[in-house]
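Q: I am new to this structure and would like to learn how to read it. Could we go through it together, feature by feature?

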Amino acid sequence: MLADPVSGDLVGRAPELLAALEAESADERHTVTGELLTNTIEVTSGVGTSVAHAVDDIAKAIAAVRAATDPAGIELLSAGSHPFAQWYEQQVTDKTRYHKLIERTQWWGRNMMIWGIHVHVGVEDHRKVFPIINALAGFLPHLQALAASSPFWAGESTGYASNRALVFQQLPTAGLPWPLHDWSQFEGYLDDMIRTGVMADASEVRWDIRPAPRWGTIEVRACDGMSTLPELAAVASLVQVLVEHFSRELDEGRTLPELPAWYHRENKWRAARYGLDARVIVDADGIQRPVRDHLAETLEQLAPVAHDLGCAKEYASIGTILADGASHARQLAVADAAGGDLSAVVQHLIREFRSGPETSTHD
């Protein structure tokens, strides 16, 4: 997010910055581009040989953006939502695909003042994609809870850890994935959606987890924007470890676990509402566990996979989020200490994005 350094409000100044930034990133591993709203700049890594490699790309991209925004008097922050900005004051980027989206989705489309992260993990065989997606869906609430950073919306405390999760699913083709079981069913879904005018191509599938045929990846899209790079690295490592674990299980001839669709829906709501304090349904029998406890057990169980992938350090830092709280909890603590002043929350997010997580609840 691009923000005024004094008021903390969003500023729609991406267009004046992007021409130079996009040209500079053309020869780099990372890319810097615009997004739906002119108050946003998106950064993307190249294909990394490790989580650290990909996150280093992101760090370099952010540094490049700062080289443009600091002289221009613009601050940067990252979270699932801005604490007090109003949707009707934001400008849509002047691109045909964005105008078409707003024309179709109207009020809900204009309300998409949301920021998220997408983590891609390469999969070598299309026959693995949907078994892995269906198993990975059981961990969406865990990922959503770790990343939850949108407790405020348009100046109000929503009571949700991730209000973004519930706003985003209002768009057509967004939300939880349909329970498909093989690639041919996915192709049939795409054919139906394109033939009936729901979307133009596969890129408009906006599920919380989706196949990305262009890249040969599974893409996890359920997470709010991360407030700090260490937390981004932690969540990215968990995604990679889970995908690799399920891939190895398939290689061993094992059937991957799946939950009924109604459990996934409930889990998503619980994680959005309660964050890391949620109790989630962890198996098809309806067993419920505190998400913190289930995460801790999973971290221990899959630690050898993280070691093999070279992301043990990032993976271990998930424990820091469990101990210190996710961004939504820190934001609420700052707001409480400031007597409800949400401009203090914005300044907190600006500092965190620049320097890393703030463990103190007082300025």
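A: Gladly, and let us begin with a pocket: the second largest pocket has a volume of about 520 Å³. Of the 23 residues lining this pocket, those closest to its centre are Leu176, Pro177, Trp178, Ala261 and Arg265. The model is predicted: local features need pLDDT of at least 70 and side-chain atom pairs count only at pLDDT 80 or more, while totals for chains, interfaces and linings use all residues. Residues are numbered from 1 along each chain as its sequence is written, and side-chain values use heavy atoms, with hydrogens and water left out.

Q: What is a pocket, and what is a cavity?
A: On a 1 Å grid over the protein atoms alone, a pocket is an open set of points with protein on both sides within 12 Å along at least five of seven lines; a cavity is a set where a 1.4 Å probe fits but cannot get out, and lining residues have an atom within 4 Å of a point. Points are joined across faces, edges and corners, and the volume is the space filled by probe spheres set on them.

Q: Which element gives the most to the lining of the second largest pocket?
A: That is α9, with 6 residues. Helices (H or I, at least four residues) and strands (E, at least two) are DSSP runs numbered from the N terminus.

Q: What lines the largest cavity?
A: Its volume is about 40 Å³, and its lining includes Gln144, Asp208, Arg221 and Ala222. The largest share, 3 residues, comes from α6.

Q: Is strand β11 mostly covered or open?
A: Mostly covered: 8 of the 8 residues in β11 (217-224) are buried. Buried means under 20% relative accessible area, exposed over 50%, and partly exposed in between (1.4 Å probe, protein chains only).

Q: Which strands does β11 pair with?
A: Two strands pair if DSSP finds at least two bridges between them. Strand β5 (116-122) is joined to β11 by 6 bridges and runs antiparallel to it, with Gly122 as the bridge partner of Thr217. Strand β10 (209-212) is also antiparallel to β11, through 4 bridges, and there Ala212 stands opposite Thr217. In the hairpin of β10 and β11, with 4 residues between the strands, Gly216 takes a positive phi near 70°.
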